[in-house]
Amino acid sequence: MAIVGGGPAGAVAALVLARRGVRVTVLEARPAPAAKPGECLPPSLTPLLRRLGLDDLLAADGHLRSHGNRFVWGAAAPGERSFLAGTRGDGWHVDRRRFEARLAEQACAAGAEWRWGCRVVRCVRGEAAWRLEIEAGGRRQELAAALVADATGRPARLARRLGARRLRYDRLVGVAGLLASATPAADSYTLVEATPEGWWYTALLADGRLAAAVFGDGDLLPRPLLHPASAADLWWRLLGATSATRERVAGHGYRQADLVLQVVPAESSRLDVIAGEGWLALGDAAAAYDPLSSHGIGSAMGSGFYGGQAAADLLAGRDEARPAYLELMQNAYGAYLDLQRRCYAQERRWPEAPFWRRRHDPAYCLAPLGGDPPDRAQAS
């Protein structure tokens, strides 16, 4: 089997498949794990981490425990939700580069083959197997696989080549950066603060830097903000217009110096088809979530786990695994869309602001805005 994409979903699927005795190859276009703005693993992910044998490695690898969430949402006064009130313990703020490297290492230790810097150029369905043409180090070669999985994230590059379409429910994007301080905060709570333009997110990382991002609709945010090379001053001014976020940043000496911003896709979206004859999609490739939901990496890993189990069953001749995986993913995404609508409905301070007017529309997220045309240039 071949998995295209080596992020959390692809890595967990590879780990599951290798432990079930399936020969699996991961094809990752990046040469190594990349730094990302930061990610929180909620306590709800703890059972899966334990089942995968990864929970003890988080502390050993130096990731930071997260003790809860703080929010300025629906009212000017901050609210707080401590993880101490739950039964699953703390969450985690992870260094994505380190975390993804560890997932790849665990998959390889279980028997998976991992190929960094390997790009899929073409994928053709033969009589008995897929033939993948791959490029690495300027050289091309072929790989045969009985089953292929798309774990390429929101772009869903493989699935779209095979005819699937991306359906988007909103236009949310984030503009994110990492802030440094000589006297970093010790507060490991995440903070979410609503503003007329959308909302801000901040979270402390293990190295003392603060991950900070503003989220809004791409067609409503000021256009210069979407050009990171020249957006720092505007981004900083928008941050200065917040309350709790500004206090957190200024109170701990986080500064603008050396700020590097990046625009990150954050829309709710899914494929119209997430599994077909001989293939399936995993993680964000199958269904992507608004970061406000805190599903993110947890849903990707969950999809990787169940998708990996489904793939192993399909390879063993159990065809019922495909509809079971489809039903699980469909039910999970339907529940998420309902939760998202209810969450945005709680903020009513700026009813005339375009961002919030959209989200208070009763039809918000009930139907997709439309889809991308499938990339059929190299499909067969």
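This is a predicted model: local features need pLDDT of at least 70, side-chain atom pairs count only at pLDDT 80 or more; totals for chains, interfaces and linings use all residues.
Next I looked for its partner. R171 makes a salt bridge with D219, N to O at 3.8 Å. I checked where the two sit: R171 is in the loop between strand 13 (166-168) and strand 14 (172-179), while D219 is in the loop between strand 17 (210-217) and helix 6 (232-240). That puts them 48 residues apart, so I filed this pair as a link between distant parts of the chain. D219 comes out at 43% relative accessibility, so it is partly exposed too.

Then I moved to D217. Buried or exposed? I got 2% relative accessibility, so D217 goes down as buried.

Which arginines does D217 pair with? One is R358, with the closest N and O atoms 2.8 Å apart. For R358 I have a relative accessible area of 26%, so it is partly exposed.

Another is R359, where the N to O distance is 2.7 Å. R359 also belongs to helix 11, and it is 142 residues away from D217. I noted 3% relative accessible area for R359, which is under the 20% cut-off, so this arginine is buried.

Last, I put the pairs together. R171, D217, D219, R358 and R359 belong to one network, joined by salt bridges that share partners. For the whole model I logged 26 salt bridges.

Methods: Residues are numbered from 1 along each chain as its sequence is written. Side-chain values use heavy atoms; hydrogens and water are left out. A salt bridge is a side-chain nitrogen of Lys or Arg within 4 Å of a carboxyl oxygen of Asp or Glu. Helices (H or I, at least four residues) and strands (E, at least two) are DSSP runs, numbered from the N terminus. Buried means under 20% relative accessible area, exposed over 50%, partly exposed in between (1.4 Å probe, protein chains only).
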